[in-house]
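I opened my notebook to look up a few things in this structure.

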Amino acid sequence: MYRPVRTALAALALCCGPFVVAPVQAQSPAQAWPSKPIKLIVPFPAGGPTDLVARAAGDILRASFGQPVIIENRPGGNGTIGLEVLGKSAPDGYTLGLTLITLAIAPHVGPVPFDSFKDFSPITNLVVMTPLVVANPSLPANNLKELVDYARANPGKLAYGTPGVATVPHLGAEILQGAAGIKLIHVPYKGATQQIQDLIAGATLLDFQSSLVVALPMIKAGRIKPLAVLTAKRSPLLPDVPTAAESGFPQVVVAPWFGIGGPAGLSPDIVRRINEALVKGMQSKEVVERFANIGASVQTNNSAEEFAAYIRSEYVRWGEVIKKAGIKAE
C-alpha cells in the first residue's frame, strides 16, 4: 500500500542528494570585540593632566566602538602601581591603560613590578606636555642664561623644586646642570601644587614644572615668572618665553608623554583598530584645542610599531641621563 510513496521519496533523495545543514561560522574574540564595557587604567589620581588625557581617549573609544569606557584611577609609585595592574591584566581588549614616560624612566631608578617591553602592547602615543622652569619674582634672573650666571656666582646655594625624584622636571634639571656646569639643590615634592605654593612663599626660588597646568594661572597673575620652556618649540600660551635651546642649552629638550597600551598578547587586530580610532579622534579640532589650552600638543603614532620604537628610544635616552646623574630611588 505504501510502496509508491516510499519509491517516490527514494527517487527524490537520489535526485537531490542528502540535505546538509552548513555550520555557522563562529566569530573569534577579536572579531566580536568589543561586546562589553572597556576599562581604562590611569596610574595617577583623578583631576590631573593624566586624567584629562585618559578621559579624552575614553570619549574617542566610546564614540568609535559603542561601548562604555570606565576610567579607573590606580595611583601610587609615580605611576608604577597602575602600570603593574595593566601589565597583569587579561589581554582580551577590555583592559587598557595610559602608558607613559614612566616606562622609560622607572626601571633605571630602582626595581619595578613590570618589564617595560615584555608586559605591554603599545598602541599609540597621545599627547606631550610642556615642562618649564619658573622662578620667584625675587630671583635676579629672567631667563636661563641669567639663571646659570647666578648659579655660578652662588654655587650650591640655589634650591629648586620638582614633583619628585626621577620625574621629567628633575631629569631636565640634571641635564641643565650638566650642560651648564652648575650645581643646584634638589627639593622633591609630591606634586606640582605644593611646589608652586612654596615657590610663591619664597621657600624655594626656582621650580621645574612638568606642565603648564598649575603654573600658567600663577604666571598670568604675576606671582611667579617663567624663565624657559623645555620643549623644542615655544608654547603658544607663552609666546614670549624662549626655549632652553634658544637660551643656549639645546640638550635641555624634555617632554612628558602619555599614550595608550594594553597588556602583552593583545590581538594585533584589536591593537590596529584602537590605534586607528585614537589617531583619527585625537586629530579633531575640538581635542587639539582642548589640549592646547593646557599647554599640551597632540602627538600620535600611525602604528603600534612606531610607538614601541619611540618607547625604546626614550628608554635608552633616560637610562643614560639617570646613570650619569647617579639618581636612585628614595
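Which helix gives the largest share of the lining of the largest pocket? I looked it up in this predicted model, and H5 comes out with 4 residues.

**Entry on the largest pocket.** I noted about 1200 Å³ of space in the largest pocket. I found 45 residues in its lining, with Phe44, Asn78, Gly79, Pro163 and Thr167 nearest the centre.

**Entry on the second largest pocket.** Here I noted about 430 Å³ of space. Its lining has 22 residues, and Thr130, Thr231, Lys233, Ser297 and Gln299 are the closest to the centre. Helix H12 (residues 304-325) gives the largest share, 4 residues. By class I have 12 nonpolar, 6 polar and 4 charged residues.

**Entry on salt bridges.** My list holds 10 salt bridges. I looked at arginine 234 and glutamate 246, whose closest N and O atoms are 2.9 Å apart. Both lie in the loop between strand E9 (225-229) and strand E10 (257-263), so this pair ties together parts 12 residues apart in sequence. Arginine 234 is partly exposed at 38% relative accessibility, and glutamate 246 is partly exposed at 48%. I also found Lys39, Glu72 and Arg74 joined into one network by salt bridges that share partners. Within it, glutamate 72 and arginine 74 bring N and O atoms to 2.9 Å.

Technical notes:
Residues are numbered from 1 along each chain as its sequence is written. This is a predicted model: local features need pLDDT of at least 70, side-chain atom pairs count only at pLDDT 80 or more; totals for chains, interfaces and linings use all residues. Side-chain values use heavy atoms; hydrogens and water are left out. On a 1 Å grid over the protein atoms alone, a cavity is a set of points where a 1.4 Å probe fits but cannot get out, and a pocket is an open set with protein on both sides within 12 Å along at least five of seven lines; lining residues have an atom within 4 Å of a point. Grid points are joined across faces, edges and corners, and a volume is the space filled by probe spheres set on the points. Helices (H or I, at least four residues) and strands (E, at least two) are DSSP runs, numbered from the N terminus. Ala, Val, Leu, Ile, Met, Phe, Trp, Tyr, Cys and Pro count as nonpolar, Asp, Glu, Lys and Arg as charged, and the others, Gly among them, as polar. A salt bridge is a side-chain nitrogen of Lys or Arg within 4 Å of a carboxyl oxygen of Asp or Glu. Buried means under 20% relative accessible area, exposed over 50%, partly exposed in between (1.4 Å probe, protein chains only).
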